[in-house]
Amino acid sequence: MSDQIEFIDTVENLPLDAWHRARGARMVEFAEYYMPIQYDGIMAEHLWTRENAGLFDVSHMGQLLFAADGDRADVAAALEALLPGDIKGLAAGKMRYSLLLADNGGILDDLMVTRLPDGSTFDAAFYMVVNGAVKADDIAHFVEHLPDDVRLNHLDEQALLALQGPKAVDALARIVPGVEALIFMTAAGFDWNGTLLWVSRSGYTGEDGFEISVPADAVEALADALCAQPEVKPIGLGARDSLRLEAGLPLYGHDLDPETTPVMADLGFALSKRRREEGGFPGAERILAERAAGAATKRVGLMIDGKQPVREGAEVIGADDVPVGKLTSGGFAPSVGAPIAMAYVPTDMAAPGTQVRIGQRGKIHTGTVTAMPFIPHRYFRGAAK
């Protein structure tokens, strides 16, 4: 197994840092990198992505490879000891959302894992994308817990772009023919002008789209080629957050953390059927008991009355004016035309239609529990027959 990978505790620049600044991006510190929060305004960028195609620089995310000298099944078994998903049953070129779990069942990170086909762009058994803010912790956890015959490689010389929106496929297929054959949660390697790309049909906006792993020394040329397409504009972190919130997608470090279990977070779909039956993942006893009996709290969506957004940290107020929960994400939703939020509330307050009171800065707001996503997902799962 690889040695511990060291990270320097400084704010770093993305490979596209100068590219963002040249396009007028306002840069902020996020996950130990300077990242673009907006170019033309969050509202405009949000709506452009919903209607066209937005290009996001997500190179701060951690890209990891897992390999072994022996059978690929050894790598799958090792990952299943740390994740609750059916990794062994994952077909080549297919990807799965999963969770890195602590021994008590708390969520250390949420992630995407893909089984690589033989002869793929990467010489490994599995490819994984983890959250940028905790990638160093994730790597340390894998290094500590994976068996010695499983090798971990951090792809720190790869950049990562996300192209999202209903016209993303038109723009990308024009310069990388063949990507249109992918469907949601599948991935493959492509050659772009002699540069090897790893492309998945996935994303974090609720829209159809792609994530593209590209060598850092070629990312500027690829970004230029994409933004030369009439459907594409660069989009910042601000719109990325409002888009994922409308899609009901949790953000690690806000809606998910080590005190939260998959059942509390309403992520039961990440617990594959075989794994629920067999157990054998961290925190399985607690998680399966919560799944059977129900957790004490649950992540829900809220439609906020009025026009003023309520923000992360606001308290959900119960009977006798006692705080019983808190908001973990909140803001104005451009596609909904109203403020929305995510919160953890007692299970008896989690049914859609439940009225809640929310305290923020000495003022009481009201809202209604609603099913998520706030707008329908538009993933491409294949042509209708």
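These legends go with several close-up views of a predicted model.

**View 1. The two cavities of the model.**
The structure holds two cavities of 30 Å³ or more. The largest cavity has a volume of about 50 Å³, and the second largest cavity also holds about 50 Å³ of space. The next views visit each of them in turn.

**View 2. Around the largest cavity.**
Which residues line the largest cavity? They are Met 95, Thr 114, Tyr 127, Val 129, Leu 160, Trp 198, Ser 200, Ser 202 and Glu 211. Sorted by class, that makes five nonpolar, three polar and one charged residues. Two strands each give at least two residues to this lining: strand 8, residues 126-130, and strand 12, residues 195-200. Keep those two strands in mind, as each gets a view of its own.

Is strand 8 mostly covered or mostly open? It is mostly covered, with five of its five residues buried. Phe 126, Met 128 and Val 130 point one way from the strand, while Tyr 127 and Val 129 point the other way. Those last two, Tyr 127 and Val 129, are also among the residues lining the largest cavity. Strand 5, residues 62-68, pairs with strand 8 in the antiparallel sense over five bridges. Look for Phe 66 here, standing opposite Phe 126 of strand 8. Strand 7, residues 107-115, is antiparallel to strand 8 too, and five bridges link this pair. Here Thr 114 has Tyr 127 of strand 8 as its bridge partner, and both Thr 114 and Tyr 127 belong to the lining of the largest cavity.

**View 3. Strand 12 and its two neighbours.**
Now for the other strand from the cavity lining. Five of the six residues of strand 12 are buried, so this strand is largely enclosed by the rest of the structure. Strand 11 runs antiparallel to strand 12, and six bridges join them. Across this pairing, Gly 189 stands opposite Trp 198 of strand 12. The two strands form a hairpin with two residues between them, where Asn 193 takes a positive phi near 50°. Strand 12 also pairs with strand 13, residues 209-215, in the antiparallel sense over three bridges. In strand 13, Glu 211 is the bridge partner of Ser 200. Trp 198, Ser 200 and Glu 211 are among the residues that line the largest cavity.

**View 4. Around the second largest cavity.**
Over to the other cavity. Its lining is made up of Met 35, Pro 36, Phe 56, Asp 57, Val 58, Ile 235, Gly 236, Leu 237 and Arg 240. By class, the lining of the second largest cavity has six nonpolar, one polar and two charged residues.

How many of the ten residues of helix 7 are buried? Nine of them are, so to speak, tucked in: the helix is mostly covered. Among the buried ones are Leu 237, Ala 239, Leu 243 and Glu 246. The buried residues of helix 7 pack against strand 2, strand 3, helix 2, strand 4, strand 17 and strand 18. Just after the helix, Gly 248 takes a positive phi of about 70°.

**View 5. Arg 240, a charged residue in the lining.**
Is Arg 240 buried or exposed? Its relative accessibility is 10%, so it counts as buried. Setting aside its neighbours within four places in sequence, Arg 240 is in contact with Phe 56, Val 58 and Tyr 204. Arg 240 and Glu 45 are 195 residues apart in sequence, and their C-alpha atoms are 8.9 Å apart in space.

How values were computed: Residues numbered from 1 in each chain as written. Predicted model: local features only at pLDDT ≥ 70, side-chain atom pairs only at ≥ 80, totals over all residues. Heavy atoms only, no water. 1 Å grid on protein atoms, 1.4 Å probe; cavity = no way out; pocket = protein on both sides within 12 Å on 5 of 7 lines; lining within 4 Å. Points joined across faces, edges and corners; volume = space filled by probe spheres on them. Helix = DSSP H or I, 4+ residues; strand = E, 2+ residues; numbered from the N terminus. Nonpolar A, V, L, I, M, F, W, Y, C, P; charged D, E, K, R; others polar. Pairing = 2+ DSSP bridges. Buried < 20%, exposed > 50% of the residue type's maximum accessible area, 1.4 Å probe, protein only. Contact = heavy atoms within 4.5 Å.
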